[in-house]
Amino acid sequence: MAPANPQTLSCNEQSIALYTTVLDLAKNEISVIWTRYSAFLVVIGFLVAATTQTGVDPLIQFASYIIGILTCIIWFMMNFFGWHNQSYYLLKAYKLVETDEKFKHIHNTLHFPIEIKKPYGQIYILAQLIPFILYIFFETLLIKKMKTEFDCTIPYIILAIVIILSILLYINSFNKKPEHTIA
């Protein structure tokens, strides 16, 4: 079915379309978060296999460590921002309902409760903890390799920076706007 032309829709139909689009974006973001999460788990699985096999070329192992570290950092950041995008869309829907009577009427008609929460809780913590733990795994392998091959301390510095940034991101996730609920 072709999308409706906004110029032919009534004001009420446009409001319904806007409201449901914002809510659909929020629901879609959750699906995207978990799809992306699954894809990263598969990639990390291959990288773990590549780094733990015996008889693998040391250059391939070293590259796997670096790729694993970068993948975990990207995974962590994409999760972090995905959860915040979902909250952003729900906050937009909340603001529509709070600022305009026609959206309050639409909201009450659709019976869709909006809960805007800060991204935290057991699922959020676990979703952020797994990439971080896997990052530590790859970083530990890299440190061991760099120490035995090159006697280098750069991975220690990188590890310290990533841990500090991760802690700051985690703390920042609790300093967001207050929660809102519309029943």
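**Reading a helical model, feature by feature**

Guide: Start with H4. This helix has 28 residues. From its first C-alpha to its last, H4 reaches 40 Å, close to the 40 Å expected at 1.5 Å a residue. That expected span is 1.5 Å times one less than the number of residues.

Visitor: What should I know about the model itself?

Guide: The model is predicted: local features need pLDDT of at least 70, side-chain atom pairs count only at pLDDT 80 or more, and totals for chains, interfaces and linings use all residues. Residues are numbered from 1 along each chain as its sequence is written, and side-chain values use heavy atoms, with hydrogens and water left out.

Visitor: How many helices and strands does the protein have?

Guide: Helices (H or I, at least four residues) and strands (E, at least two) are DSSP runs, numbered from the N terminus. Here there are 5 helices and 2 strands. Along the sequence the pattern reads α-α-α-β-α-α-β.

Visitor: Which residues of H4 are buried?

Guide: Buried means under 20% relative accessible area, exposed means over 50%, and partly exposed is in between (1.4 Å probe, protein chains only). In H4 the buried residues include Tyr 124, Ala 127, Gln 128, Pro 131, Leu 134, Tyr 135 and Phe 138. Further along H4, Glu 139, Leu 142, Ile 143, Lys 145 and Met 146 are buried too. In the protein, buried residues make up 33% of the 183 residues.

Visitor: How do I read a core? Which residues have the most contacts inside the largest one?

Guide: A nonpolar core is a set of buried Ala, Val, Leu, Ile, Met, Phe, Trp, Tyr and Cys residues joined through side-chain atoms within 4.5 Å. The largest has 21 residues. Ile 44, Cys 72, Trp 75, Tyr 135 and Phe 138 have the most contacts inside it. Helix H1 (11-52), H2, helix H4 (122-149) and helix H5 (154-173) each give two or more residues to this core. H4 gives the most, with 8 residues. Another core, of 9 residues, lies apart from it; Val 22, Ala 26, Leu 90 and Ala 93 are among its members.

Visitor: What is Ile 44 in contact with?

Guide: Contact means heavy atoms within 4.5 Å. Leave aside neighbours within four places in sequence. Ile 44 then touches Gly 68, Thr 71, Cys 72, Trp 75, Leu 134 and Phe 138. Of those, Leu 134 and Phe 138 are buried residues of H4.

Visitor: Is Asn 79 buried or exposed?

Guide: Asn 79 counts as buried because its relative accessible area is 1%. Asn 79 lies in helix H2. Beyond its neighbours within four places in sequence, Asn 79 is in contact with Ile 33, Tyr 37, Ala 127, Gln 128 and Pro 131.

Visitor: How many salt bridges are there?

Guide: A salt bridge is a side-chain nitrogen of Lys or Arg within 4 Å of a carboxyl oxygen of Asp or Glu. The count comes to 2. One joins Asp 24 to Lys 27, with the closest N and O atoms 3.7 Å apart. These two lie in helix H1, 3 residues apart, about one turn of the helix. Asp 24 is partly exposed, at 43% relative accessibility. Lys 27 is partly exposed as well, at 46%. Glu 29 and Arg 36 also meet in a salt bridge (3.9 Å, N to O). Both Glu 29 and Arg 36 are buried.

Visitor: Now the surface. Which residues form a nonpolar patch?

Guide: Patches are made of residues with over 30% relative accessible area and no salt bridge: like charges are joined within 9 Å, nonpolar side chains (Val, Leu, Ile, Met, Phe, Trp, Tyr) within 5 Å. Accessible areas come from the Shrake-Rupley method with a 1.4 Å probe; for residues, only the protein chains shown count as cover. Ile 66, Leu 70, Ile 73, Ile 74 and Met 78 form a nonpolar patch here, with about 380 Å² of accessible area together. Ile 66 sits in helix H2 (residues 58-99). Ile 66 is partly exposed, at 32%. The accessible surface of the protein comes to about 11,200 Å², of which 68% belongs to carbon and sulfur atoms.

Visitor: How far apart are Lys 102 and Ser 15 in sequence and in space?

Guide: They are 87 residues apart in sequence and 7.5 Å apart in space, C-alpha to C-alpha. Lys 102 lies in helix H3 (residues 101-110). Among contacts between residues at least 6 apart in sequence, 82% join residues at least 24 apart.

Visitor: One last residue. What is Tyr 156 in contact with?

Guide: Leaving aside neighbours within four places, Tyr 156 is in contact with Glu 139, Ile 143 and Lys 147. Tyr 156 belongs to helix H5. Its relative accessibility is 39%, so Tyr 156 counts as partly exposed.
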